[in-house]
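Here is a short briefing for a first look.

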Amino acid sequence: MFYFLFLVLLVLLVVLAFTSVQFYNIVFRGFAPFISTKFNAVLTILKDLDLKGDEHVYELGAGKAGFLRAIEQKFGNKKLTGVEYSFLPYFLAKTQIVLSNSKINLIRKDMFKVSLNDADIIYCFLMPKMMAMLEKKFKQECRPGTLIISYHFRIPNMEPERVLKEEKNNIYFYRI
Ligand SMILES: C[S@@+](CC[C@H](N)C(=O)[O-])C[C@H]1O[C@@H](n2cnc3c(N)ncnc32)[C@H](O)[C@@H]1O
């Protein structure tokens, strides 16, 4: 009985710690919460892309790295980088990557501290405030021709090359 109560308390503490960190990052730092892109939206993007397999693809705020896993399965890309700062999604994604023998390189870091100068394609499902902050970073670091795909949220001062629709949600494609 004692061990059971101890375990319940431990789980509650972990959940509380995770929720507090998320709350702080979302409210005070404007970071995006941990919500996955809808599977149908990933399928819509995959149908639109025609990759050779040698492109370096990034998922910024990787969550469970669902986009990168889908790219790996469909096109066999070997240069796949996911960037995720939050422990729980990082841990879940890392476990899946190891168990499935995937080539995805998952980094636990703030995306604003990762250089994007070797990116060919960047996928984001973040927040409006983050897209505004990333705009400057994209323009400073990305090579001409880099494709940026953003689910739901526009990059404020850039014209999308095209916009796809998945149910009521837009998927924006930008070219640097
Ligand atoms: C809306 S989720 C998207 C997850 C995944 N990309 C997807 O589409 O399914 C956004 C993710 O970005 C992560 N995130 C938010 N701010 C970040 C930052 N500054 N650096 C790295 N990851 C961040 C969050 O922890 C969360 O897992």
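From the N terminus on, the elements run α-α-β-α-β-α-β-β-α-β-β-β. That gives 5 helices and 7 strands in the chain; helices (H or I, at least four residues) and strands (E, at least two) are DSSP runs, numbered from the N terminus. The model is predicted: local features need pLDDT of at least 70, side-chain atom pairs count only at pLDDT 80 or more, and totals for chains, interfaces and linings use all residues. Residues are numbered from 1 along each chain as its sequence is written, and side-chain values use heavy atoms, without hydrogens and water.

**Overall form**
- The C-alpha atoms fill a box of roughly 60 × 35 × 35 Å along the principal axes.
- Among contacts (heavy atoms within 4.5 Å) between residues at least 6 apart in sequence, 60% join residues at least 24 apart.

**Burial**
- Of the 176 residues, 43% count as buried.
- Buried means under 20% relative accessible area, exposed over 50%, and partly exposed in between (1.4 Å probe, protein chains only).

**Aromatic pairs**
- The whole structure holds 5 aromatic pairs; rings of Phe, Tyr and Trp (its six-membered ring) pair if their centres lie within 6.5 Å, with planes under 30 degrees apart stacked, over 60 edge-to-face and the rest tilted.
- One of them, Phe2 with Tyr3, is edge-to-face, at 5.7 Å centre to centre and 70 degrees between the planes.
- Phe2 is exposed at 61% relative accessibility, and Tyr3 is exposed at 68%.
- Phe87 and Phe91 are stacked, at 5.7 Å centre to centre and 25 degrees between the planes.
- Phe87 and Phe91 sit 4 residues apart in helix H4 (residues 87-99), so about one helical turn separates them.
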